Amino acid sequence: MASKPIIEESAHCAGRPLGKGLVDLVGKAPLLRLDSLNAEFPNVEFYAKAEWANPGGSVKDRAALYMIREGERSGALRPGKTILDATSGNTGIALAMLGAALGYAVKLCIPVSASHERLAMLSALGANVILTPGEEGSDGAIRRAREIAGENPAKYFYIDQYSNPANPRAHYETTAPEIWSQTNGRVTHFVAGLGTSGTFMGVTRRLKELNPAIRAISVQPDEPFHGLEGLKHMATAMVPAIYDASLADANLTVRTEEAFAMVRKLAREKGLLIGVSSGAAVCACRSVAERLERGERAVIVTIFPDAGDRYLSERFWKEE
Amino acid sequence: MPVKVMIPTPLRQFADKQESVHLEAGTVGDALSALTSQFSDLKRHLYSDDGRLRSFVNVYVNDEDIRYLQREKTAVQQGDTISIVPSIAGGAKA
């Protein structure tokens, strides 16, 4: 059973200040109904967790907060230590934001191919950024972070989001119960991309405890060289320690261009400015719906990890 | 003139696991053409069906993005290094 979640409602009682602090705003993302897909498949309801509603603008706020709080609880993170991790983007923003809010220095290893906007945001939040070779991608950033942590373990709290059990636990204790509650327990399919795999692992474990009949579908890029920010091609990448391939009932692949086209279409035709991995998630949701038995009813829930404004410098916006 | 082309980690499996290749080329386009001739499996990863570089594939000559030079017509000289980098995390190089 789930333990008491770190992210919970503030108590409302007389004498307490109004509003919420930055950290209190992490989680509880709204459930977005995808009307355009609902019209295409009349027996299927589609929903997405709009995770851009987190204060750092992405789903990564949840895992970052859990990993920091777990470090504090275990004593591995103490005042004066520097939070260190490898990140291709959103986790870095989450750690930089929370580090600044909670009083910790933050050092991040990030591929040099990261966008100006992304690096500027990390810098604005006071993080120390170590650039790693772009051609080595996120795996190169992971190797550099391990080196730095190994050279001076007393100075750093190496978060290691790819191996840290608090990452999936954040989703087990918060994202999954939110989905269950927001769908009134009607969710039949859960679809999510694999990056660290924390979201998929944590949500799937909890939803299957609540209803073992729920189908969990993981999503990956279709090839090792891809443009799907945040997602990993597990067959060729460094596989995260927290990843358990046996948890998925099915695994779907999405081509980069297919996700780009979906992102453009939803922005131009539906006013939904979603990120690239969210576009891949929508493509996968459609595939799940297409594979249902004729007349089968389903409530498909996915995750929109971030919004499209983080990808405006991408060239795919200019394509038809 | 020989130039060095850096192969990104995910594509090394299609290039005899080499980190870099030295090729004779006068332009970036020549170099990529020579590269995909030598390692034909690379072509479908770098180019779309219409023969254009896929939109997430960024190419740099000595850390300069060819989009801000003469794209594939960018001239290269002996000693130059061409890097192929997937556009994760936004695309434009710092």
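Contact here means heavy atoms within 4.5 Å. By that rule, 28 residues of chain B are in contact with 31 residues of chain A. Keep in mind that this is a predicted model.

**Where the two chains meet**

- Putting chain B and chain A together buries about 2700 Å², and carbon and sulfur atoms give 55% of that area.
- The size of an interface is often given in just this way, as the accessible area lost when the parts come together.
- How many salt bridges are there between chain B and chain A? The count is 2.
- In a salt bridge between the chains, the side chain of R54(B) meets that of E223(A), at 2.7 Å from N to O.
- The interface of chain B and chain A also has 7 residue pairs in polar contact, with both residues at pLDDT 80 or more.
- On the side of chain B that touches chain A, α2 (43-46), β3 (57-61) and β5 (81-86) of chain B each supply at least two residues.
- Sorted by class, that side of chain B has 15 nonpolar, 8 polar and 5 charged residues.

**A sheet in chain A**

- Chain A has an open sheet of 4 strands in the order β5-β4-β3-β6, and the pairing is parallel.
- Which strands stand at the edges? They are β5 (128-132) and β6 (156-158) of chain A; each has a single partner strand, so one side of each is left without a neighbour in the sheet.
- From one strand to the next, the twist averages 25°.
- Strand β4 (residues 105-111) of chain A pairs with β5(A) in the parallel sense over 5 bridges, and L108(A) stands opposite V129(A) in β5(A).
- Helix α3 (residues 90-102) of chain A packs on this sheet, where it touches β3 (82-86) and β4 of chain A. The direction of α3 makes about 170° with that of β4(A).
- Helix α5 (residues 137-151) of chain A lies across β3, β4, β5 and β6 of chain A, running at about 140° to β4(A).

**A sheet in chain B**

- Chain B has an open sheet of 5 strands, ordered β2-β1-β5-β3-β4, with mixed pairing.
- The edges here are β2 (20-24) and β4 (64-65) of chain B, each with a single partner strand, so one side of each has no neighbour in the sheet.
- Strand β1 (residues 2-6) of chain B and β2(B) pair in the antiparallel sense over 5 bridges, with V5(B) standing opposite V21(B) in β2(B).
- Helix α1 (residues 28-38) of chain B packs on the sheet and touches β1, β2, β3 and β5 of chain B. Its direction makes about 115° with that of β2(B).

**Salt bridges overall**

- Side chains of opposite charge can pair when their charged atoms come close.
- Over all chains, a search of the whole structure finds 25 salt bridges.
- E40(A) forms a salt bridge with R286(A), with the closest N and O atoms 2.4 Å apart.
- E40(A) lies in helix α1 (residues 35-40) of chain A and R286(A) in helix α9 (residues 276-290) of chain A, so the pair ties together parts that are 246 residues apart in sequence.

Notes: Residues are numbered from 1 along each chain as its sequence is written. Chains are lettered from A and ligands numbered from 1 in the order in which they are written. This is a predicted model: local features need pLDDT of at least 70, side-chain atom pairs count only at pLDDT 80 or more; totals for chains, interfaces and linings use all residues. Side-chain values use heavy atoms; hydrogens and water are left out. Two strands pair if DSSP finds at least two bridges between them. Axes are lines fitted to C-alpha atoms, for helices over the stretch in contact, and angles run from 0 to 180 degrees between N-to-C directions. Buried area is the accessible area (1.4 Å probe) that two parts lose on being put together, summed over both. A salt bridge is a side-chain nitrogen of Lys or Arg within 4 Å of a carboxyl oxygen of Asp or Glu. A polar contact is a pair of N or O atoms within 3.5 Å; within protein, one must be able to donate a hydrogen and the other to accept it, and residues adjacent in sequence count only if both atoms are side-chain atoms. Ala, Val, Leu, Ile, Met, Phe, Trp, Tyr, Cys and Pro count as nonpolar, Asp, Glu, Lys and Arg as charged, and the others, Gly among them, as polar.
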